[in-house]
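Here is a short report on one structure.

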Amino acid sequence: MNKPIITVIGSINMDLVTVAARFPNQGETILGKQFLTTPGGKGANQAVAAARLGANVRMIGAVGEDTFGKELLRSLRNEGISIQGVKPVTHEHTGIASITISEQDNRIIVVPGANHALTPEDLDKCESIIAQSDVCLLQLEIPIPVVERAVSLAHRHGVRVIVNPAPAQPLSPSVLEQVDFLTPNEHERALLFAGIEEGKFVNKLIVTEGAKGVRIWQDGQEQLIPSFRVPVVDTTGAGDTFNGALAVALAEGKPLDEACRFANAAAALSVTKLGAQAGMPTREDVESFLAKQKGNQG
């Protein structure tokens, strides 16, 4: 089978990760247990997840011409991801995310930097990349006008679009109408449809509910695809792994419920290791895990 072509349009960040026994209280200083810098950004994370699961991935985004930017581009190339659509920005630093991990949870502050220098015109220059894709995957760590242009271009060329509406922001009804799937968590879902009738878009919804799994609707029928129970080390990047895996599965023609089960398995494996991209599984990892789960049920 030919590798599916997935274009990911989104953020490219360096994650600055601190591991601590607990989160500090307001105004308190505590000693941490571990610190590392690791490639991140929701866009780059989803691109890496899709690439490791067997897709031909193209990245569209922006980085600064600084040390972090050079390191992140090298990391994407090492994953086999095309960076032809990544724009170098001279007047902004590369985006960063400051992540504190404790108590099987995380708290994150993102400074967008070069990610917010991406423009709709940059997307126009990448129209041929978008047009050749099986699936376009987007998130909201880049300017909303860029997201709108990307969705419009993909829709024009009949390319399926998945939007992961994170961090939570409202989207225009025209964007909601043109996308094929929306993958909010419960909080993002509430904001996404504030003042908008959700019913007409319900068949596009794939709502991630953490440990419970994901909720989908097919022909108006609601279904919960349960998650897998695994030992949790770091939840950073689990949602990004889910989205990258979902894009691969749908591009390969899997039915929606099967695609979500595949994506749940990838996300489950990702939380068993430290670091967003470091924990992302390979195709072999996911297929082996699913076979084992099937064996356990049998």
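## Cys 260 and the cores

Cys 260 is in contact with Ile 206, Val 214, Ile 216, Ile 225, Phe 242 and Leu 246, leaving aside its neighbours within four places in sequence. The model is predicted. The largest nonpolar core has 50 residues. Within this core, Cys 260, Ile 206 and Leu 246 touch the most other members. Helix H9, residues 256-270, supplies the largest share, 10 residues.

In soluble globular proteins, nonpolar side chains tend to be buried together.

## Helix H9

How many of the 15 residues of H9 are buried? The count is 12, so H9 is largely enclosed by the rest of the structure. Among the buried residues are Leu 256, Ala 259, Cys 260, Phe 262 and Leu 269. Asn 264 and Ser 270 are buried in H9 too.

The length of H9 also checks out. At 1.5 Å a residue, its 15 residues should span 21 Å. The end C-alpha atoms of H9 are 21 Å apart, which agrees.

## A mixed sheet

Four strands form an open sheet in the order S3-S2-S6-S7, and the pairing is mixed. Strands S3 (34-40) and S7 are the edges, each pairing on one side only. From one strand to the next, the twist averages 20°. Strands of a sheet pair through backbone hydrogen bonds, either parallel or antiparallel.

S2 (residues 13-19) and S6 (residues 95-102) pair in the parallel sense, over 7 bridges. In that pairing, Asp 15 stands opposite Ala 97 in S6. Helix H2, residues 67-78, packs on the sheet and touches S2, S3 and S6. The direction of H2 makes about 95° with that of S2.

## Asp 105 on strand S7

Asp 105 is found in strand S7, which covers residues 105-111. Is Asp 105 buried, partly exposed or exposed? Asp 105 counts as partly exposed because its relative accessibility is 41%, between the cut-offs of 20% and 50%.

Which residues does Asp 105 contact, leaving aside its neighbours within four places in sequence? They are Phe 23, Thr 100 and Thr 235. His 116 is 11 residues from Asp 105 along the chain. The C-alpha atoms of these two residues are separated by 27 Å.

Technical notes: Residues are numbered from 1 along each chain as its sequence is written. This is a predicted model: local features need pLDDT of at least 70, side-chain atom pairs count only at pLDDT 80 or more; totals for chains, interfaces and linings use all residues. Side-chain values use heavy atoms; hydrogens and water are left out. Helices (H or I, at least four residues) and strands (E, at least two) are DSSP runs, numbered from the N terminus. Buried means under 20% relative accessible area, exposed over 50%, partly exposed in between (1.4 Å probe, protein chains only). Contact means heavy atoms within 4.5 Å. Two strands pair if DSSP finds at least two bridges between them. Axes are lines fitted to C-alpha atoms, for helices over the stretch in contact, and angles run from 0 to 180 degrees between N-to-C directions. A nonpolar core is a set of buried Ala, Val, Leu, Ile, Met, Phe, Trp, Tyr and Cys residues joined through side-chain atoms within 4.5 Å. The expected span of a helix is 1.5 Å times one less than its number of residues.
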